[in-house]
Structures are given as C-alpha cells and as structure tokens.
Amino acid sequence: MMLLKSLRSSGTFRSVLFLRFSGSVRNASKFDYDLVVLGGGSGGLACAKEAVEYGARVLCLDYVKPTPAGTKWGVGGTCVNVGCIPKKLMHQASLLGEAVHEAVAYGWNVNDRDIKPDWKKLVKVVQNHIKSVNWVTRVDLRDKKVEYVNSIGSFVDPHTIKYKTKQGELKQPTAQYVVIAVGGRPRYPPIKGAMELGITSDDIFSYEKEPGRTLVVGAGYVGLECACFLKGLGYDPTVMVRSIVLRGFDRQMSELLAAMMTDRGIHFLNTTIPMGVERTSEGKLLVQYRNTTTQTDGSDVFDTVLWAIGRKGLIEDLNLGAAGVQTYNDKVIVDHTEATSVPHIFAVGDIIYGRPELTPVAILSGRLLARRLFAGSTQLMDYTDVATTVFTPLEYSCVGMSEEMAIERLGADNIEVFHGYYKPTEFFIPQKSFRHCYLKAVAEVSGDQKILGLHYIGPVAGEVIQGFAAALKSGLTVKTLLNTVGIHPTTAEEFTRLSITKRSGVDPTPASCCS
Ligand code: FAD
Ligand code: NDP
C-alpha cells in the first residue's frame, strides 16, 4: 500500500500500471487524457474517481440544461439533485407527518390537530442539503484530481471531444477511452400545454409554489412515489394510469400497492391518457383526458400537473454520428463489457439501452469498467437480481423474479410460491391498517427450493430486502431461509416464518404477531 501511494505521488504509478495492465503497451502521450467521461452523475463520477485511483488522467464534463420551467442544478446528476436524494427526503417528510399522529397514540403530548407541513421550508431544507452534496462532490473531485468542467461535451471524432470553457474558449482534447454517462431526462407528452404548463420530477423538489391538487400522469416509480409523498404532505394527488401500475413488476404486489394507495385517499384515473392542458381564467390547469377502455372524454381542474411518463436518454448533444456509436430509442447500445459499437467508447448508467435505471447499477458498472480499463480487472457487471424499492408509505421492495416471470421461465408446475400477510407490532397501538402488509418468496418446487424472487410490502422495505438480496445472489434456498433464526420482533423475520404455499390454498392471514 505504501509503495502504491509513493508510486502514485511520484507520478510513476500510471506508467507502471499501463505496462502492467493495459495488455498492449500504449503511448501515454499520444492522447491528452486516458479517459474522458461525458456526464457527472452517479455512473460518470464513479467511473472517473475510480480511474484516477489507478493513475489515469481523467476529464469529466457535466452540464445540466434548465427544464422548460427554468429549474437547474449542480454537479452530481439526477440522483443527487432531482432523483433518489430529494425523493427520499420528501418521502421521509411525509412519513414523519404520519408518525406525529402515531406518537399521540403512543402517549406523546402533541397537538396533532393543527399539524401542517410547510412546503416552502421543506423545499428549502431539501435544496440546502443538495447544495451541500454538490459542494462536497466538487471538493472530492478536486482532491482526487479528476479534472471537472461544467460544460456540454460532444464528439468531434471517435477519439476527440469538444467543449466550451466558461470563458467561451473551444477545447478539443483527445482521449484513449471515452465513457458516455449522460443519463436521461423526463419525457413530456406531445400534447397541447404539456411543456408550458406541466412540470416533472426535475422541478417538483425545488417547486416554490405549493403543489395543491396535483395530477400525476404515469404510474411507474416516479408517478407513484411523487403521488405518495404529496398525499403524505397533505395535498390531493390523482394518478393517471395509461395501462397498468408498475409495468414489469410482480402483478399481485403492484395491485396490492395500488390498493394501499387508494386506501390512503389517492385517486386513480385508470386506462386514461391526457389530451391537453390549458390555463383557466382562475389560474388553474384544466386537463382534458380520454378513457381508452370506455372511449369517453373527461376533464378536471388541478393546481399542478406532473408528468411522470418515463425518461429519454440524453444523446442529442453528443454528436454520436461523428464517433460511429450505435443507438436505439435515445439510448446507447452496449455489449456485456459496456463497450459501444466503437471498442474504445463505453457507456454506463441510465443511458444504456435495456438495463435498470438505478443509481447503484450506474455506480457499480462505472467502477468495474474503470478497473477493467486501468487496473487489469476482468470483472464484469452483473445486471441480474438487482434489488429495488418503490418508496411509497408502505414501501414495496423486491429482488429477483416476479411470479409471472418465474412461471414464464420455469412453468407453473416447477415453482412454489410461499406467502403471508403479517402484522407489524408497532402498527397495533396507533391502529394502523396492516391489510397491505404482505410478502412472498418465489422458489423452485424441487430440491432445497432455490429462491428465485423475494417480494415485500411493508415498512422500510428497502432496508429489509437489501440483506436478502445478498443471500439470493449467494443461492439462497427455502430450506436455508426457514433454518434462519429470525430477529424478533421485526418485519424482516417474516421471511423466516413463511410456511404457507399459494398452491395449498390455506389462508395466509396470521392470527397473531408471535405464533
Ligand atoms: P445521471 O445521474 O442522470 O447523470 C448524467 C449527467 O450528465 C447529468 O448531470 C446530465 O445533465 C449530464 N449530461 C448530459 N448530457 C451531457 C453532455 N453532452 N455533456 C456533459 N454532461 C452531460 N435510483 C435509485 O437507485 N433509487 C432511487 O430511489 C431513485 N429515485 C429516483 C427518483 C427520481 C425522481 C428519478 C428521476 C430517478 C431516480 N432514480 C433512483 C434513478 C437514478 O437517479 C438514476 O438511475 C441515476 O441517477 C443514473 O445515473 P447516471 O450517471 O446514468 O445519469
Ligand atoms: P417508468 O418507465 O417506470 O414509468 C412510466 C409510466 O408512464 C408508465 O406507467 C407508463 O405507462 C406511463 N406513460 C408512458 N408514456 C405515457 C404517455 N404518453 N401518457 C401517459 N402515460 C404514459 O418511468 P418513471 O419516470 O416512473 O421512472 C424512470 C426510471 O427511473 C425507472 O425505470 C427507475 O429505474 C428510475 N427510478 C427509480 C426509483 C427507485 O429506485 N425508487 C424511483 C424513481 C425512478 P405504460 O405502463 O402504459 O407504458
């Protein structure tokens, strides 16, 4: 370690590594940089920071174009500025509102009748936190000697990138490797008033106005999560669902989640699409829509319209034609090594076609790529069995296959589904509904019953599933799961108590918490 540190500080580290790891010895001086990373979000920063650890000279370009509503933000990408982080903070804010009422049931002397959220204050503290993360990120990049420039990068040719400095000077550095990590931005529907009058997740976390009665269009992660924290903060959201909620997830779990949201007073406009938005003379938003099942038109008035209809890859400014990089549907096509159609150009994160759009996926694939490029590693990113959580008030977390996928791949006769409702101990005193607290394990029917998928709706689902995800990746079986001693009283222990199979038809509702 000492040797590595002194080599790194003496500047010989990189040359040693190149001789040791690059396979073919290359002329380090031929290019201005060993690596140019386009995009300073989760994937790009992880790749850039890892690469400098192995002595690479790295330039990272990151630039955010303002939204149509004028929102802009700093370095760090979607997760830090307009994604996971502000979302989790607003989720927490909404859960705390609920907790205050529960506290009264537990004997706290709180006057919970007058409790109201202060939207402006919430936005301010969330934005302050984001700014502190932006600052720490910039310091970290400087300390690690990643050259960071706040500018749009695009290809001139496969090894040359161009960008403009703050002073307007055009730069055209060359690079041995280029990593495209430009992520995506929310889509707007091609209907009247969408861009002018609607906002997206890029705006909501810094929205100065109280959202009020909000139409959330889209029933994916973003739509459901935003609707839920808005409801928890006392607003009145309606979710417009084009086809089904949470397409691609386990159907039973998704329907249960939607039922939980309905129970909490969130409205759903099912099989409905927006047709246009206009401003009324009172300053509200009149939304015209069509129910595609009944073929009837309707309209309603909202304070805010939030588009959550998916994201498009940000390839538009990259001039990928000049590099010969192939794309599909706004995304970059890569092989199992994250290489694009041009062997020295790679892509990581949301910009890759057909891979999960999640921060830990972007980070790990970026890190592993840097290790393969600069440290002789051969480890590839494994995109299977990636755990994920939908941050609704009862969260939904899962890892591995849905029941439908397992049936499709193995056949219904070859899988066993263990399931159960459960009653979190802490729900009893405030008399919280546990109607939607449910979990299931999808397993092979034979042998020790290898587990193919785990699904959980309940409190802190992400915390529960994270550890089980490691177990599932290590080949967890039902036998092992049931031989695991639970931690009592937790909700995670319910996985160790699963005994009822769907096939048996036995009622999966528990009689008490500790039987
Ligand atoms: P990004 O983080 O989007 O970074 C790309 C950067 O490149 C951006 O700053 C972009 O402006 C910049 N850029 C684009 N073009 C150029 C160019 N030509 N030159 C220079 N810079 C450019 N994931 C989770 O795992 N958990 C969550 O809870 C979660 N919540 C989310 C909530 C919301 C509302 C959203 C929208 C997403 C959420 N995600 C979550 C997804 C997660 O944010 C993304 O998967 C992750 O940020 C992708 O990282 P990335 O590096 O690929 O791209
Ligand atoms: P999704 O693709 O998950 O969902 C888009 C939703 O919008 C679907 O319900 C889709 O319906 C609907 N839709 C699409 N086009 C239209 C249209 N023209 N009119 C009406 N409805 C439409 O996108 P999100 O924006 O919700 O999320 C993007 C990604 O970000 C996710 O895939 C996820 O990876 C990541 N993310 C992760 C989070 C987490 O980890 N907790 C949180 C938030 C985002 P249909 O099913 O009919 O196509």
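Tutor: Let's begin with one definition: two strands count as paired if DSSP finds at least two bridges between them. One more thing to keep in mind is that this is a predicted model.

Student: Good to know. Which residue of β16 is the bridge partner of T214?

Tutor: T214 has T304 as its bridge partner in β16. The strands involved are β10, residues 213-217, and β16, residues 304-307; four bridges join them, and they run parallel.

Student: And what is the strand order in the open sheet of five?

Tutor: The order is β9-β16-β10-β11-β12, and the pairing is parallel. The edges are taken by β9 (199-200) and β12 (267-269), each of which pairs on one side only.

Student: What about the open sheet of three strands, parallel or antiparallel?

Tutor: Antiparallel, with the strands in the order β4-β5-β6.

Student: Why is one side of β4 and of β6 left without a neighbour in that sheet?

Tutor: Because β4 (154-157) and β6 (170-171) are the edge strands, each has a single partner strand and therefore a side with no neighbour in the sheet.

Student: How many bridges join β4 to β5?

Tutor: Three, with β5 spanning residues 160-164 and the two strands running antiparallel. If you want a place to look, S154 stands opposite K162 in β5.

Student: Switching to ligands. Which residues are closest to ligand 1?

Tutor: D62, Y63, T78, K87 and D350 are the closest, out of 35 residues that surround ligand 1.

Student: How far is a backbone N or O atom of Y63 from an oxygen atom of ligand 1?

Tutor: The distance is 2.7 Å. A polar backbone atom of C79 lies 3.3 Å from an oxygen atom of ligand 1. E357 also has a backbone N or O atom 3.3 Å from a ligand 1 oxygen.

Student: How much of ligand 1 does the protein bury?

Tutor: Ligand 1 exposes 990 Å² when taken alone, and the protein buries 93% of that.

Student: Nice. Which elements give two or more residues to the shell around ligand 1?

Tutor: They are α3 (42-53), α4 (77-82), α5 (84-105) and α12 (359-374). The one that gives the most is α4, with four residues.

Student: And how does the shell around ligand 1 split by class?

Tutor: There are 15 nonpolar residues, 15 polar ones and five charged ones.

Student: OK, ligand 2 now. How many residues surround ligand 2?

Tutor: Ligand 2 has 21 residues around it, and the closest are E225, R242, S243, E357 and T389.

Student: Which backbone atoms lie 2.9 Å from an oxygen atom of ligand 2?

Tutor: That is a backbone N or O atom of V222. For Y221, a backbone N or O atom is 3.3 Å from an oxygen atom of ligand 2. A polar backbone atom of A308 is 3.4 Å from a ligand 2 oxygen.

Student: What share of ligand 2 gets buried?

Tutor: The protein buries 79% of the 920 Å² that ligand 2 exposes on its own. Two elements give two or more residues to this shell, α9 (221-232) and β21 (388-390). With three residues, α9 gives the most.

Student: How do the residues of the shell around ligand 2 divide?

Tutor: Into nine nonpolar, six polar and six charged residues.

Student: Last topic: helix α10. How far does α10 reach from its first C-alpha to its last?

Tutor: It reaches 18 Å over 13 residues (251-263), close to the 18 Å expected at 1.5 Å a residue.

Student: Which residue caps the N-terminal end of α10?

Tutor: D250 does, with a side-chain oxygen 3.1 Å from the backbone nitrogen of Q252. Just after the helix, G265 takes a positive phi of about 95 degrees.

Student: And which residues of α10 are buried?

Tutor: R251, M253, S254, L256, L257, A258, M260 and M261.

How values were computed
Residues are numbered from 1 along each chain as its sequence is written. Chains are lettered from A and ligands numbered from 1 in the order in which they are written. This is a predicted model: local features need pLDDT of at least 70, side-chain atom pairs count only at pLDDT 80 or more; totals for chains, interfaces and linings use all residues. Side-chain values use heavy atoms; hydrogens and water are left out. A residue is near a molecule or strand if one of its heavy atoms lies within 4 Å of it. A polar contact is a pair of N or O atoms within 3.5 Å; within protein, one must be able to donate a hydrogen and the other to accept it, and residues adjacent in sequence count only if both atoms are side-chain atoms. Accessible areas come from the Shrake-Rupley method with a 1.4 Å probe; for residues, only the protein chains shown count as cover. Ala, Val, Leu, Ile, Met, Phe, Trp, Tyr, Cys and Pro count as nonpolar, Asp, Glu, Lys and Arg as charged, and the others, Gly among them, as polar. The expected span of a helix is 1.5 Å times one less than its number of residues. Buried means under 20% relative accessible area, exposed over 50%, partly exposed in between (1.4 Å probe, protein chains only).
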